[in-house]
Amino acid sequence: MFKSKKLMAVTAFVLMFALIISGCGASQPEEQSNQQQEQNSGGNESQAGSGNNAESQENQERVIEHAMGTTKITGTPQRVVTLYQGATDVAVALGVKPVGIVESWAELPVYEYLKADLDGVPLVGEETQPNLEEIAKLKPDLIIASKLRHEEVYEQLSQIAPTVTHETVFKFKDTVQLMGQALNKEAEATKLLAGWDTRVADFKQKIAAKLGDQWPIETSVLNFRADHARIYVTGYAGDILHELGFVQSEYQQEEAAKGTVVVKLTDKESIPSMNGDVFFVFLSDPSNEEAVQKTYEEWTNHPLWQSLDAVKANQVYQIDEVVWNLGGGYKSAHLMLDQLYEHFELEK
Amino acid sequence: MSNDIQHKHFTRSEMVSELLRKKALTVIFTLILLSAILFIAGLSAGSTVLNPLDVVKHLTGAGSGEHNFVIHTLRLPRMLLAMLAGAALGVAGLIMQGVVRNPLGSPDIIGVTGGASFAAVFFLTRLAGSVSIKWLPIAAIVGAAAVSALIYALAWRKGVTPVRLVLVGIGLSACTGALTTMMIVLNDEYSTTRAYLWMTGSVYGAKWSDVYSLLPWVALLVPLSLLFAKSANVLETGDETAAGLGVRIQLHRIGMLTISVALAGAAVAFAGGIGFVGLIAPHIARKLVGRAFGYLVPVSALIGSMMVALADVVARTAFLPLDIPAGVFVSGIGAPFFIYLLYRSRHQ
């Protein structure tokens, strides 16, 4: 009896001890690694500084604020690794060929629309778990990452090279701005964004002229998968449509206000919530095409589907998933806009 | 004459235990040797293959420092974290199987993985972005502890019997599983990708701070579990027998459960939902050294650590440049080996 009580006491004591120690362990090394990080970035600066003495402008140190803090970058980075699709796209748009990119979500390993520009660029793994050793091997001088995807490895990435992060992966304008600053191409970035704004204004004016009273129209971005359907309420395509002046059903507005990006529908009874004047539809998962096609047919043959405004008006368009959803970049935004011009038969 | 027989009998049982001891020590020694080989091989393998001799030099401090970043910052903490997590899960599973007297027992049964998954997915889908990711392990371990305590409390009826514990555990695991799925379904794909990744289990992006945080749990609790060796051996024979032999069943049971939950919870907090190890490592250990708890603890720890470490080495080297979550390979490595052991023992 005495013995087991003693045993319990020892157990309790040891557990508490473990908690305390692991608490210390959690905080201490972090400080150390932060220091290391600073030292490391300091080292990079002096290296870059001595290498680029010729042009004094090149030596300018820029401090960039981003989703995970501030990062110092000296001069114009030459070896950039992009760790999410949108960043890869924007790099190409800014006229920079990255030295390393992550695998695309479809059309593996690189999206068709970027293939020509990214010929021969090595992959560093998947966007969700990029291979740190591969990245280190490329000896980059700038890494573009996403807080959403790479928060856990930000510390290691920063030890490889100065790393700047975007909050999510789909706000392409933020990506353009961030990368413009980081790559020392702010003028180009501003130009890109201005070019976009001009086209948006043009589109708005032309579609309003064409549709007259009908404008603005309600759109829904719909997606069919093997086992469910989705409404993209906001997100990449949703944000762009919003900017172009399209509106959404009341239901979708409510969801957007709540911060919802995607509404997942598993029951055909919720088909009415898809309602809108125009549907943009894409089918996902090329690895399971049959199942996706089956879902699509089942849902679109349902009586409720026939009662939707867009279906009645024959305004259901199939769109390109890469451009509308997976690309998440600047070039893909333009391609999406091109497709919209075509759909509504507007003059470009 | 009678004296003689008794004497003979005594030496024989002594001989048997001496033989067992020798066999167990041989097994343990072999496993340590294999672990060491795996350790060096794992540190050498990667997208840059290093000479094992250079790795040994680095470890002993005689290295050139050339591969400092790859070995010290990337591979070493990852390897150590995998080994620690595997060892913790192996021992946690062993204890749990002893407590519930069921060969299918594993830390999952008392809700560790379920609770940790629920908390981690909640964190990733609701709090990530606003709360730093470094709190994720704490969230996971709190979830594990809370659900385990709840299961224990609900199973209590003048003490806890293994059968009630298993039944309540399975019930609550289903509940937490349902809640976790619900959270995933209700969230957008960006955060659910992370949630799935976590649930698969991965030691990707391991840092030294993670190693320091997990180390005290393993270093203190695994030896502590040995203190329960005697009662564990007796408890396995059944409550009545154990009580008859003077073991304070409830006290020992809760002590062992606490150790098991703490070990598994800590491992899962840092390595995610690598659940299978806790189930299979103790079985492999039993095939190797029999049923004596004192030997089973180190052997389960070694087997568990080798399983996770090997899985991670394969995961990060087999499909270069892709870096795949280790959880994908854990069952792929453990199950065939276990089946081989079963097959061999049947044909002996």
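1. In this predicted model, strand 3 (residues 80-82) and strand 5 of chain A run parallel and are joined by three bridges. Val80(A) has Leu142(A) as its bridge partner in strand 5 of chain A, and Thr82(A) has Ile144(A) in that strand.

2. Strand 5 of chain A is also joined to strand 6 (residues 163-166) of chain A, by four bridges, and these two strands run parallel. Here Ile143(A) is partnered with Thr163(A) of strand 6 of chain A.

3. These pairings belong to an open sheet of four strands in chain A, with the order 4-3-5-6 and parallel pairing. Strand 4 (100-101) and strand 6 of chain A are the edge strands, each pairing on one side only.

4. How many residues of strand 5 of chain A are buried? Five of the five residues in this strand (residues 142-146) are buried, so the strand is largely enclosed by the rest of the structure. In a regular strand, side chains alternate between the two faces of the sheet. Leu142(A), Ile144(A) and Ser146(A) point one way from strand 5 of chain A, while Ile143(A) and Ala145(A) point the other way.

5. Helix 2 (residues 85-93) of chain A lies across strand 3, strand 4 and strand 5 of chain A, at about 140° to strand 3. Helix 7 (residues 172-182) of chain A lies across strand 5 and strand 6 of chain A, at about 165° to strand 6.

6. On confidence, the model scores ipTM 0.79 and pTM 0.82. Chain B has a mean pLDDT of 83, with 93% of its residues at 70 or more. Within chain B, confidence is lowest in helix 10 (residues 239-244), at a mean of 70, and highest in helix 13 (residues 293-317), at 91.

Conventions:
Residues numbered from 1 in each chain as written. Chains lettered and ligands numbered in written order. Predicted model: local features only at pLDDT ≥ 70, side-chain atom pairs only at ≥ 80, totals over all residues. Buried ≥ 20, exposed ≤ 12 C-beta atoms within 10 Å, placed from the backbone. Pairing = 2+ DSSP bridges. pLDDT = per-residue confidence, 0-100. Contact = placed C-beta atoms within 7 Å. Axes fitted to C-alpha atoms, helices over the stretch in contact; angles between N-to-C directions.
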